[in-house]
Amino acid sequence: MSAFKRWWRNWCDATTGGAALFPLVVLFGLNAVDELGRTAFGVLLPEIRDHFGLDTRGILSVVAASFVFALILALPVGFYGDRLNRTRIALLAGVVMAAFSLVTGLAVAVWMLVIGASGSGLGRGVNDPIHNSLIADYYDIPQRPRVYAVHRAANSVGQAVGPLLGGILAYFFTWRAPFIVFVVPIMIFVVLAFRMREPVRGSYERRAMGASAAAIETEERPPSWAESWRIVWQVGTLRRIFAALPFLAVAIVGLLTLGSLFYDEVFGLNEVERGVVAACVEPAQILGYIVGIPIATRLLARDPGLVLKFLAVVTAVVSVAWVLFALAPNMPIAITTNLVISAALGLLAPGIFAALSLAVPPKVRSFGFAVAAIWIIPGLVVLPVVGGLADSYGIRTALLLMSPPMMKTGL
């Protein structure tokens, strides 16, 4: 056996704990292709804005509306994800995502652009409740920080490939080209998703509690809508995480979007140059995952509450780096601080999702992840306000005013 094969086998065993790798590969792929259109949209925001005659507030309103639609949809998706076959829901979402990516590329009016961006963003509304729920049932508790980090690394892959390929295609053809081309990779992973099998909900939690073999394979009956809300809301750890998510939303969702406008207005970068910058800085999240996995795993083993304290510290680092990014006098400093922000956001992911997977009871796991996604919406509503500030006072001022809310999350 070659050295690479031994390394690959050891990595797979350490990551999945001996469970099948194929579901993680498919979910990784679906998560990555979901990022292609969204990140290309962010990088090409100046061109799309100018094409439709919008100002910064107007185009950020389109971005916010598309995310809000997808996240609101996450609630019914999460509710029925606790009742229906989740692999089929993920597959159907991929088909819809491909269709609306095509609509985005063919949009001839703002309302078509909003519909296309909202529909192509459906992946986020499904990935949060469905993918995260499936991962918790495919893989055992000790493996989850590592598996969630691998799954989130797909976001970094998509956030690197999407801007780079999108910028190149838009430069040589038109801003519409990337959204048409991205239909192909989406459909490839949709086809692969047909081979996924639905796992038993909550089996690893019941095994950890010492349940019998029959009980391990027996799923709990899903509760009603009202009961699902009550179960999720009564968990104190979940309420603490939910309270932090609105303040992190703009950093997590708006970094590429606002960064693209920043590089365009402050440093005059074209679509290819912005795509190259994004492709260079977004993979820094993978470094954050690599560092965050062992930290989250150790803290989770000692006390889940320590994970929340760690996340608060990382968030404070993000807010400070955000100020430095907004004030950057030149490109090297801007890119360096952008790298720090991306890496720090990567540190957050393993801890957040591992903590959620343990705090949300298995019978409402999909719904719990969907509720977490809903808490991002208040942060997204701020995007048009940020756009208005950028129109009136400049993009630097708008970015600076976003730092205090993020700092509040770290306190």
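Predicted model: local features only at pLDDT ≥ 70, side-chain atom pairs only at ≥ 80, totals over all residues.
1. Overall make-up. The chain has 23 helices and 0 strands. Of its 411 residues, 58% are buried. Contacts between residues at least 6 apart in sequence were also sorted by separation, and 83% of these join residues at least 24 apart.

2. H5 against H6. Helix H5 covers residues 86-106 and helix H6 covers residues 110-120; their axes lie 7 Å apart, at an angle of about 155°. An angle over 145 degrees counts as roughly antiparallel, and H5 is therefore roughly antiparallel to H6. The crossing of these two helices is left-handed. On the H5 side the contact is made by Val 96, Met 97, Phe 100, Ser 101, Val 103, Thr 104 and Leu 106. On the H6 side it is made by Met 112, Leu 113, Ile 115, Gly 116, Ala 117, Gly 119 and Ser 120. By class, the contact of H5 with H6 has 9 nonpolar and 5 polar residues, and no charged ones.

3. H5 against H10. Helix H5 also packs with helix H10 (residues 183-193), at an angle of about 165° and with the axes 9 Å apart. This angle makes H5 roughly antiparallel to H10. The crossing of H5 and H10 is left-handed. H5 contributes Arg 88, Leu 91, Gly 94, Val 95, Met 97, Ala 98, Ser 101 and Leu 102, while H10 contributes Val 183, Ile 186, Met 187, Val 190 and Ala 193. The contact of H5 with H10 holds 10 nonpolar, 2 polar and 1 charged residues. Met 97 and Ser 101 of H5 are listed in the contact with H6 and in the contact with H10.

4. H8 against H15. Helix H8 (residues 144-172) and helix H15 (residues 271-281) have axes 8 Å apart and pack at an angle of about 170°. H8 and H15 are therefore roughly antiparallel to each other. From H8, the residues in contact are Gln 159, Ala 160, Pro 163, Leu 164, Gly 167, Ile 168, Ala 170 and Tyr 171. From H15, they are Glu 271, Val 272, Gly 275, Val 276, Ala 278 and Ala 279. Sorted by class, the contact of H8 with H15 has 10 nonpolar, 3 polar and 1 charged residues.

5. Ala 64. This residue is found in helix H4 (residues 56-81). Ala 64 counts as buried because its relative accessibility is 6%, and the limit for buried is under 20%. Leu 383 is 319 residues away from Ala 64 in sequence, yet the two C-alpha atoms are 6.3 Å apart. Leaving out residues up to four places away in sequence, Ala 64 touches Leu 380, Leu 383 and Pro 384.

6. Leu 261. Helix H14 holds Leu 261. The relative accessible area of Leu 261 is 0%, so Leu 261 is buried. Its C-alpha atom is 9.4 Å from that of Arg 274, which is 13 residues apart from Leu 261 in sequence. When residues up to four places away in sequence are not counted, Leu 261 touches Leu 45, Pro 46, Arg 49, Thr 56, Leu 60 and Ile 395.

7. Val 318. Helix H17 (residues 304-326) contains Val 318. With a relative accessible area of 1%, Val 318 is buried. The C-alpha atoms of Val 318 and Ala 344 are separated by 6.3 Å, and the two residues are 26 residues apart along the chain.

8. Aromatic rings. A search of the whole structure finds 10 aromatic pairs. In one of them, Tyr 138 and Tyr 139, the ring centres are 6.1 Å apart and the planes stand at 50°, so the pair is tilted. Both of these residues, Tyr 138 and Tyr 139, are buried. The pair of Phe 262 and Phe 325 is tilted, with 4.7 Å centre to centre and 45° between the planes. This pair links distant parts of the chain, with Phe 262 in helix H14 (residues 236-267) and Phe 325 in helix H17, 63 residues apart. Phe 262 and Phe 325 are both buried. Elsewhere, Phe 41, Phe 52, Trp 175 and Phe 179 form one aromatic cluster.

Conventions: Residues numbered from 1 in each chain as written. Heavy atoms only, no water. Axes fitted to C-alpha atoms, helices over the stretch in contact; angles between N-to-C directions. Helix = DSSP H or I, 4+ residues; strand = E, 2+ residues; numbered from the N terminus. Parallel < 35°, antiparallel > 145°, perpendicular 65-115°, else oblique. Left-handed = near helix turned anticlockwise from the far one by under 90°. Contact = heavy atoms within 4.5 Å. Nonpolar A, V, L, I, M, F, W, Y, C, P; charged D, E, K, R; others polar. Buried < 20%, exposed > 50% of the residue type's maximum accessible area, 1.4 Å probe, protein only. Phe/Tyr/Trp six-rings, centres within 6.5 Å; stacked < 30°, edge-to-face > 60°.
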